[in-house]
Amino acid sequence: MTQSSYLMAFIRSLMENSSMDIREKKKRQLERDFTETGAALNICLTEKFSDVNKILNTYGIVSQRVRDNKTSVAKIQRDLVECKSLLYCNREELRSLWLELVEQRRCLELVDQVDRLRSTPDALGYLVTARAWSEATQLMVSSNYILESQIAAIPAVQTIKTDLALKNKFLIDELKKELNRLLYDKPCILALEMHSRDFPLDKSDSYSIRKSVHSDSDYKMPIH
């Protein structure tokens, strides 16, 4: 039975009985129950004092943390509202800064491409000297691809474009010579050497034949 129901039952019994003896009896019973309850409560508090004290302290700490968290959340909400207001006010400025950043990034890319084009003629000459035909061709193709992009509209690139056109023609001529050498000169020389082992010739005749091979190979297969 709960405290409220117990009190209601006690009051109802007092109202139903008008006899003073019964009321005094009920009063003494209530006092006795109160004394017993108080004694039981004191015993429980004495036995569980440390636990009760610990619970109360923990409750106080938790309550303080909850209050602190509520304060922090309220501050965060105010800061978010302020940030939202500032962002709304500076939206156009942020958009302008973003566009400027994109433009600067594009400018850096163009500068990098121009620097690569400037170094291309020297690198191409080095590769041709080293007879690295594959690397030279790849470098020339990539440079021509860059020149066909938006960078072609830059006035400073026109000089580089002219220089690369000359290098391109020079590379094509060198590739033609190299192909003629590989397709005609070298096989003919190998064939002559094999033939000379089977049918020995004089040194003068061998030299004349080699010279004839070298002079004819340039006209034997023009490569376009």
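Lys169 and Asp173 sit 4 residues apart in helix H6, which means that about one helical turn separates them. The two residues form a salt bridge, with 3.4 Å between their closest N and O atoms. The model is predicted, and a search of the whole structure finds 4 salt bridges.

- The salt bridge between Lys169 and Asp173 has its closest N and O atoms 3.4 Å apart.
- Lys169 counts as exposed because its relative accessibility is 54%, over the 50% cut-off.
- Asp173, the partner of Lys169, counts as partly exposed because its relative accessibility is 29%.
- Glu174 and Lys177 also meet through their side chains in a salt bridge, at 4.0 Å from N to O.
- These two residues, Glu174 and Lys177, are 3 residues apart in helix H6, so about one helical turn lies between them.
- Glu174 has a relative accessibility of 18% and therefore counts as buried, the cut-off for that class being under 20%.

- Glu109 and Arg106 form a salt bridge in which the closest N and O atoms are 3.0 Å apart.
- Both residues belong to helix H4, which covers residues 91-129.
- Glu109 and Arg106 are 3 residues apart in that helix, so they are separated by about one helical turn.
- Glu109 counts as partly exposed because its relative accessibility is 40%.
- Arg106 has 29% relative accessibility, so Arg106 also counts as partly exposed.

- Asp163 and Pro121 are 42 residues apart along the chain, and their C-alpha atoms are separated by 7.2 Å.

Technical notes
Residues are numbered from 1 along each chain as its sequence is written. This is a predicted model: local features need pLDDT of at least 70, side-chain atom pairs count only at pLDDT 80 or more; totals for chains, interfaces and linings use all residues. Side-chain values use heavy atoms; hydrogens and water are left out. Buried means under 20% relative accessible area, exposed over 50%, partly exposed in between (1.4 Å probe, protein chains only).
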